[in-house]
Amino acid sequence: MDSVVLARALFGTSMAFHIIFATLGVGVPLMIVFAEIMSGITKNPDYSVMAKRWTKAQAILLGVAIPSGTIVGVMLSLLWPGFMEIVGQVISVPFQIEIWAFFLEALFMSIYIYAADRLSRKLRIFSVIMVSLGSAASAVLITNVHAWMNTPTGFKYVDGVVSDVNALKAVFNPSFGVTAFHVVASAFMTGAFCIGSIAAYKLLKRGQPERERIYHRKCLQLALFVGFTCSLATALNGHLTAQMLHNYLPLKLAAAEGLFETTDHAPLEIFGSTNVEEQRVVGGIQIPWVLSFLAADRFDTVVKGLNDFPRELWPPLYVHTLFNLMVVIGTGLLALSFFALFITFIRKRPLPKWMLALLMVGGPLSLIGIETGWIFSCTGRQPWVISGVQLTADAATRSQDIGILFALFIGLYVMLMAITILVMRFYFRRRPIGPELTPLEGR
Amino acid sequence: MNQATIAVSILWAFIFAYAILGSVDFGAGFWALVYDRNKNTRAAQIANRYLSPSWEVTNVFLVLIAVALVGFFPKAAYWFGTVLIVPVSLVLILLTVRSSFMVYSYSTSRFSRILRWISGLTGVLIPGLLLSVLPISLGGFVEVTENAQPHLLFGKLLRSPTEYSHLAFGITSELFLATLFLSDYAHEADDLSTYRVYRKAAKWLGPLTLATAVLATYTMAPEAEWIVSRIGEQWPWFLASVVSFGIGYSALWWKRKAGIPGWPRFAVTFVIGQYFLASMGYGIAHLPYLLHPYVTIDEAITNPSTFRALLVSYSIGIAVLAPGFYMFWRLFLKDKKYIGKGPDAEPKA
């Protein structure tokens with residue numbers, strides 16, 4: 001493998017690892033905020049138990065989220081020095097503000113965890129809102145740079161020299177709004193579904209005391225509310241994202257859909273694999289006209305095909321599968337949470353076992369959706385690191401030592417993942433939920 | 001002052017802040033390990049009291065340095081990124097192991113001891129390794145290949161005495177600063193027996209830091225001779241630094257009306273002053289080079305538009321965060337009840 005491929009592999013693996021913890025770091029604090037608020041409204045002590053236990057889980061996750069975020073933050077300069085040289089001149093401001101958001105999150109996380117018993121109720125809720133705000137703002141700001149890589153604006157780049165920099169124009173690039181919304185809403189959704197997974201698992205287990213089942217049902221309901229709302233927001237925004245792609249990144253849209261020929265009334269392809277020889281998606285389900293409609297709300301919209309672009313600028317065509325996985329998981333979870341809420345609150349029935357089983361895999365599935373979505377967005381931009389401006393190969397380090405570093409970091413991530421799971425298990429096994437709950441009335 | 005000077009001053013302020021906070025942080029982790037099994041003292045608990053809420057905030061300062069370098073000096077970020085890929089990656093791995101194992105050790109009693117050992121020992125190395133960026137920046141360890149690619153002579157660095165004297169200076173400074181800080185922290189909580197433990201450690205570490213600092217100056221690589229003579233030109237800073245050390249170190253013996261002698265607040269303040277003055281002198285001597293002889297601040301500075309936008313963002317950020325930092329300080333550094341309470345290092349939540 002050449003050094004560019006290795007640099008991409010190392011950075012991609014690091015991001016894929018960090019994104020799990022980063023996404024939960026945005027999603028779980030929001031759930032804690034809701035638990036604190038519900039606890040204030042209903043005065044039901046179960047909600048403050050939830051807030052405490054989720055906070056503890058979040059504190060363990062932070063032990064990995066913070067150093068792994070430090071790794072990717074610093075690794076950007078190590079692996080992509082050519083890229084960071086342009087970033088520094090054009091779009092360093094969001095990076096900078098991200099640090100302030102990071103500070104906000106770290107300061108108030110410590111205050112919330114270690115000083116909870118010395119704070120008034122209001123200050124405690126204020127602190128956890130600041131944590132949530134800080135983590136969501138970090139996500140928005142880092143996405144800002146990502147959006148700028150997809151739709152770069154606010155500078156000129158001629159013969160390796162950056163000029164005419166307009167920092168504001170760079171920040172407010174065309175894909176910033178939709179992409180940032182997408183990232184934050186999907187992170188909230190993932191936090192909710194992961195918490196829902198644990199509750200569903202506990203409810204599926206036999207022989208649990210009724211008192212604990214009540215607690216887990218409350219967890220699941222809160223998770224379903226947040227999960228449904230945020231997955232709906234993510235889906236609606238996904239439509240806007242498709243229109244952004246149509247307007248600014250038509251090649252990426254064509255690759256996502258495996259569309260070769262430019263056409264109106266373009267069909268939507270679900271699954272299957274893009275085949276260059278046959279110039280079509282093989283083995284997929286075709287829904288006529290829908291892609292045109294998604295792209296600009298009209299069936300006669302002309303959608304550009306891959307053949308309109310030089311072959312050497314095509315992204316790898318497997319992005320079609322990544323894109324599909326993301327969309328199908330998102331839509332599936334939206335439908336699932338809708339039906340679960342419908343059964344619980346309209347029909348007022350307990351959830352059937354099969355539905356709990358589906359909800360149990362909801363958390364891991366939404367994490368897979370996050371991963372495939374990010375990989376789609378970054379791979380779909382190839383061969384560029386900054387669309388139309390800088391090739392990934394020109395940005396990468398020429399260091400010959402990446403192979404060994406790659407092996408070291410992979411080892412580190414595997415070890416951390418294993419230990420994190422073990423620590424979570426030990427911690428919560430030693431502190432079962434039962435004794436923390438107030439006994440049922442009348443006993 | 002021109003933009004490059006302002007930018008390098010801000011960057012230097014962040015580096016200095018992290019040098020102090022990081023030293024106290026990693027040093028506290030080490031002392032928590034040393035006194036872990038000692039039932040007669042609460043020294044380990046006091047160290048953990050400080051460490052649990054503060055390590056995340058300290059860690060942000062490290063990222064802040066990387067981001068400020070990219071923002072203010074994009075060209076320098078290119079050079080340092082290319083040259084430092086191997087050593088900084090190793091530091092990142094150590095840092096990750098250190099932080100995550102520390103958090104794990106609070107959360108599980110099962111492997112708590114081994115986790116604490118690993119995190120304490122990896123932590124103690126990090127400041128030393130970070131300090132070895134200094135000899136690299138002075139020249140002699142970077143080679144530019146024929147296709148204009150800079151690259152680090154890692155083997156040469158590992159064989160050179162200057163690397164090890166910087167490492168020694170980093171480790172002794174880290175431990176000295178941490179003991180002084182923790183002695184003051186224990187004193188703040190009226191925990192005099194813990195104060196006594198850290199004061200004792202500070203007494204022998206103080207002279208050791210001076211010795212390693214002198215050693216680091218005398219083992220400079222031949223390519224770095226330029227900085228030695230320039231450091232000589234900056235002698236007033238270094239003289240003031242030694243005086244500040246003298247005052248801070250002697251403050252450990254100043255008499256009090258009651259209790260154990262020593263004014264740890266003065267000691268830690270003047271020793272931080274000592275490092276401040278010395279790094280001012282060192283920094284001025286180092287300028288205009290960021291990476292000798294390839295990168296100067298004037299070549300590496302970003303464009304005026306981005307520079308102004310960064311300054312605005314700094315001002316707003318500091319204004320927004322100031323109340324948060326104040327609250328943090330009140331809750332974890334000033335509250336006797338927090339520092340002194342209970343035997344457990346584990347958070348309540």
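1. Helix H2(B) is largely enclosed by the rest of the structure, because 28 of its 30 residues are buried (a residue is buried if 20 or more other C-beta atoms, placed from the backbone, lie within 10 Å of its own). The model is predicted, so local features need pLDDT of at least 70 and side-chain atom pairs count only at pLDDT 80 or more, while totals for chains, interfaces and linings use all residues. Residues are numbered from 1 along each chain as its sequence is written, and chains are lettered from A and ligands numbered from 1 in the order in which they are written.

2. Helix H2 of chain B covers residues 43-72 and reaches 41 Å from its first C-alpha to its last, close to the expected 44 Å (1.5 Å times one less than the number of residues). A kink of about 55 degrees is centred on Ser54(B), the bend being the angle between axes fitted to the seven residues ending there and the seven starting there.

3. Between the chains, helix H2 of chain A (residues 45-79) packs against helix H4 of chain B (residues 85-107) at an angle of about 175 degrees, with the axes 8 Å apart. That makes H2(A) roughly antiparallel to H4(B), a term for angles over 145 degrees.

4. Asn144(A), which lies in helix H5 (residues 121-150) of chain A, is buried, with 26 other C-beta atoms within 10 Å.

Conventions:
Helices (H or I, at least four residues) and strands (E, at least two) are DSSP runs, numbered from the N terminus. A residue is buried if 20 or more other C-beta atoms lie within 10 Å of its own, exposed if 12 or fewer, and partly exposed in between; C-beta atoms are placed from the backbone. Axes are lines fitted to C-alpha atoms, for helices over the stretch in contact, and angles run from 0 to 180 degrees between N-to-C directions. Angles under 35 degrees count as roughly parallel, over 145 as roughly antiparallel, 65 to 115 as roughly perpendicular and the rest as oblique.
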